[in-house]
Amino acid sequence: MGQKTEKGQITVFISLVMLCIFALFCVLLESARTAGARWYLQTASSSALDSIFSQYHRQLWDSYRLLFAEYENAAELEADFSQFLQPYLETGNWYPIGLQAIEVEELQTAIDGDGAYLEQEILDYMSFGIWKMDFDENSVERLWEDAQEAEAVQEVAEAYRGHAKKALELEKTLEAIDKVQKKQIEKKQECLSLLKRHDGPKFRQCAKELIQELARMPGLIAQYRQQADKLAKELEQGRSLFDEKRNDCTSQVDGQMDDEIRQFEAYILQDGERRQEIEALGPQSRQQIALVEKVIEEAKEVERIIKEWEDDDEEDEGPDLNALWAPVIRHFNQLSVNPLSFSHGVKDKEKENWLNRITSLYSTGLLLFVMPEGMAVSQGLLETPELPSHNQTAAGGTRTAPLLEHLMLNEYCGKFFRYFPANTEGFQDQGVSGESGLSYEIEYLISGKDRDEENLTHVVNRLLAIREGLNLIHILSDSQKRHAAEELAALITGIAGLSPLVLLTTFFIMSVWAMGESLMDVRNLLAGKRVAIVKNAADWSLGLENLLTLGREGQIDTKGGGRGLTYLSWLKILLLMETIVRQEYRMMDMIQMNLCRKQPSFRMRRGTYQVRMTGRFNGKHVFFSLKFVENLLGNGDNFYPMSVKVERTY
């Protein structure tokens, strides 16, 4: 009996089936593992970026409640990211991954975006705080409009105040012309008296003096003509300025200012009428000089006749002097000299000079004039290099922000930045030390100067301009104050009635009065008192008598200041009128200045706010890396590419 042979078809079949099953199983496992690897890599990358953002600048947060990580460039960021990611890649698990490259695709810093990232950080912080706002959103728009209107009114008033001074100077020239004419009349009468006394030598001397007075007239007329033409041209420019600014004014203020400007134009029209009389004095003076010179020659001839008569016949009773001098007197009487036929001039020059002294304060140490007693101006100097505001983006930024956000930004400034006198109660301690740098930081946000004194001076001038405009608007609407100004104008000009000269002098007085009140307002603010935005009669501090005293003695009082806004609140109004981009870059200047005291290398341009990164990796197959598969395929390369994108923002 032969040996029985076992057949293996079933075993081979089962082996093939099992191979297919295990292959399918490995494919499923590898697919699940690959998906897990991608999630693991995404989680690891996100965690690494979170670790980077957890390294925010501690002093920046402690001092200003701002979150920014400090990195010089993208290379530093990539290196830190790789370092934080490496432990995840080196962990022994089912996800073997190798790092190939890290690239920063987007890096936004504090100085980017026209200051939008700094603004967002501030708004995020302010949204969690409970702040007592100086202004609410409903009233602040009107407040901004009032400030705009006040500055427009002040600018127009300043221009026309200068025109009024030029008009008064023109009146003084007319007064000089009239004075010369009166001198000519006196000399004429003196010459006639000498002729009637038959005193030829003294007459000739007096006549020469008369000619000197007559010769002065063309020069005075030319001076008058030049002043009048210049004033007329400047008034045209003033009208153009008013037309440009009137869009910033309400209809009531626009109408009031237009009425005042028309008085200046009426003065020019009146001056045009009297100019004919003035211009006629030029040719007339030349004719008068020729007449006097002719009479002098006639007088010499009479003297010669008398002398020859006396020499020829000493025993004769002499010539008939009355008959000899009568033609000379008759010819000299043809000289016609008349005073000006219209009212003119400035009668009370002393009071006018007192008012002019007040207007000259702007160019003669105004800051020291309004500085309260016992307070000194800081001499701080900004020396921090690489200021963010010097960045081109800051210069060319045109981004705007909603009004409420700008208000919140200004409230933040009031809490975290110093201002005059730099030790204000309630100021948020920054935790920085050092004596260098600026002390008036909010003033710098408004002015952008390198010195505390320059910044404070600029702010004081801005406040004076706004207060002067608001005060002038009040005077224009107050009939009692206007009447008082008209009385003083009539006293200065010496003219009765409301002539154009009186009315433009009235405007000059009202504008100087508004300026004097604004000086008191700013001094009160610097002294810690309050000043109302729109004043009533009870808020007014400076009477006309006190205004003249201010001009005479050069001393200012600090009465008033009972209600209204503080100096800080007025600073916030000025900030509201600034472009938000410029303000935010100057804020970064101050932050950098203060933090550089402890960390000289600190720069706001390194403040990282937003990052987007891409990582490229090599993933290794686990269930496809069986040895017999590699041998079967003849390929030991079991890696595949992976990439991940991560992004973070504070």
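Select Lys166 first: at 33% relative accessibility, this residue counts as partly exposed, where buried means under 20% relative accessible area, exposed over 50% and partly exposed in between (1.4 Å probe, protein chains only). The model is predicted, so local features need pLDDT of at least 70 and side-chain atom pairs count only at pLDDT 80 or more, while totals for chains, interfaces and linings use all residues. Residues are numbered from 1 along each chain as its sequence is written, and side-chain values use heavy atoms, with hydrogens and water left out.

**Stop 1**

Helices (H or I, at least four residues) and strands (E, at least two) are DSSP runs, numbered from the N terminus. Glu234, at 15% relative accessibility, counts as buried.

Next, select Lys187 and Glu209. Their salt bridge has its closest N and O atoms 2.4 Å apart. Lys187 is in helix H5 and Glu209 in helix H6, so this pair ties together parts that are 22 residues apart in sequence. Is Lys187 buried or exposed? Lys187 is buried, its relative accessible area being 11%. Glu209 counts as partly exposed at 27% relative accessibility.

**Stop 1: a network of charged side chains**

Side chains of opposite charge can pair when their charged atoms come close. Select Arg246 and Asp243, whose side chains meet in a salt bridge (3.0 Å, N to O). Arg246 counts as partly exposed at 25% relative accessibility, and Asp243 is partly exposed with a relative accessible area of 36%. Now extend the selection to Arg239, Asp254, Asp258, Arg262 and Glu265; together with Asp243 and Arg246, these residues are linked in a network of salt bridges. How many salt bridges does the count come to by this rule? The count is 53 salt bridges.

**Stop 2: H9 against H16**

Two packed helices are described by the angle between their axes and the distance between the axes. Display helix H9 (residues 349-359) with helix H16 (residues 500-526): they pack at an angle of about 50 degrees, and their axes are 10 Å apart. H9 is therefore oblique to H16. Axes are lines fitted to C-alpha atoms, for helices over the stretch in contact, and angles run from 0 to 180 degrees between N-to-C directions. Angles under 35 degrees count as roughly parallel, over 145 as roughly antiparallel, 65 to 115 as roughly perpendicular and the rest as oblique.

The crossing of H9 past H16 is left-handed, that is, the near helix is turned anticlockwise from the far one by less than a right angle, whereas clockwise would be right-handed. To view the contact (heavy atoms within 4.5 Å), select Leu355, Asn356, Ile358 and Thr359 in H9, which meet Phe508, Ile509, Val512, Met515 and Leu519 in H16. By class, the contact of H9 with H16 comprises seven nonpolar, two polar and no charged residues; Ala, Val, Leu, Ile, Met, Phe, Trp, Tyr, Cys and Pro count as nonpolar, Asp, Glu, Lys and Arg as charged, and the others, Gly among them, as polar.

Remain on helix H16 and select Asp521, which lies in it. Asp521 counts as buried at 2% relative accessibility. Which residues does Asp521 contact, leaving aside its neighbours within four places in sequence? They are Arg467, Asn471, Val531 and Lys535.

**Stop 3: H12 against H19**

Move to helix H12 (residues 403-416) and helix H19 (residues 580-595), whose axes come within 12 Å and cross at roughly 25 degrees. H12 is thus roughly parallel to H19, and passes H19 in a left-handed crossing. From H12, select His406, Leu409, Asn410, Tyr412 and Cys413, which meet Ile580, Gln583, Glu584 and Met587 in H19. The residues of the contact of H12 with H19 comprise five nonpolar, three polar and one charged.

Then select Tyr419, in the loop between H12 and helix H13 (441-447). Tyr419 is buried, with a relative accessible area of 9%.

**Stop 4: the whole chain**

Of its 650 residues, 48% count as buried. Among contacts in the chain with a separation of 6 or more, 84% are between residues 24 or more positions apart.

Key: A salt bridge is a side-chain nitrogen of Lys or Arg within 4 Å of a carboxyl oxygen of Asp or Glu.
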